[in-house]
Amino acid sequence: MRVINTPARGIGNKTVEHLLNVASENSMSAYDAIDSVVRDAELGSAARKKLGAFKALIEGLRTEAQGCRPTASLGACSKPPAIAISS
């Protein structure tokens, strides 16, 4: 779960714990559970907004990666990556 808050995105432990609980209860991945949690009133609006922004970031990277050749790094794509990737 390090990716959700590295770099810091202000998504706290309580939010991550709730996300993991929802995922477990519904037999789905934490990523797939984001949509349910974002619609869930159990968390505050700030936490839901940050989770939604995280999912939008990942979806944007996924879309960007579709335009790359399998042998290309994200830096070699038509646009620079939206986040820095470290090894």
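Contact here means heavy atoms within 4.5 Å. The model on display is predicted.

**Helix H1.** Select residues 13–25, which form helix H1. Its 13 residues should span 18 Å at 1.5 Å a residue, and the end C-alpha atoms are 18 Å apart, which agrees.

**The buried face.** Within H1, next select Thr15, Val16, His18, Leu19, Val22 and Ala23, which are buried. These residues lie on the same side of H1, because they cover an arc of only 160 degrees around the axis. To see part of what covers the buried residues of H1, display helix H2 (30–39) and helix H3 (45–66), which are among the covering elements.

**The exposed face.** Turn to the other side of H1 and select Asn13, Lys14, Glu17, Ser24 and Glu25; these residues are exposed.

**His18.** Return to His18, which lies in helix H1. Its relative accessible area is 10%; buried means under 20%, so His18 counts as buried. Leaving aside residues up to four places away in sequence, His18 touches Val37, Asp40, Glu42 and Leu43. With Asp40 the link is between side chains: the two make a polar contact at 2.8 Å.

**Tyr31 and Lys55.** Select Tyr31 together with Lys55. The charged end of Lys55 sits over the ring of Tyr31, 4.9 Å from the ring centre. How many aromatic pairs does the structure hold? A search for aromatic pairs returns 0.

Conventions. Residues are numbered from 1 along each chain as its sequence is written. This is a predicted model: local features need pLDDT of at least 70, side-chain atom pairs count only at pLDDT 80 or more; totals for chains, interfaces and linings use all residues. Side-chain values use heavy atoms; hydrogens and water are left out. Rings of Phe, Tyr and Trp (its six-membered ring) pair if their centres lie within 6.5 Å; planes under 30 degrees apart count as stacked, over 60 as edge-to-face and the rest as tilted. A charge sits over a ring if NZ of Lys or CZ of Arg is within 6 Å of the ring centre and within 35 degrees of the ring normal. Helices (H or I, at least four residues) and strands (E, at least two) are DSSP runs, numbered from the N terminus. The expected span of a helix is 1.5 Å times one less than its number of residues. Buried means under 20% relative accessible area, exposed over 50%, partly exposed in between (1.4 Å probe, protein chains only). The arc is that of the directions from the helix axis to the C-beta atoms. A polar contact is a pair of N or O atoms within 3.5 Å; within protein, one must be able to donate a hydrogen and the other to accept it, and residues adjacent in sequence count only if both atoms are side-chain atoms.
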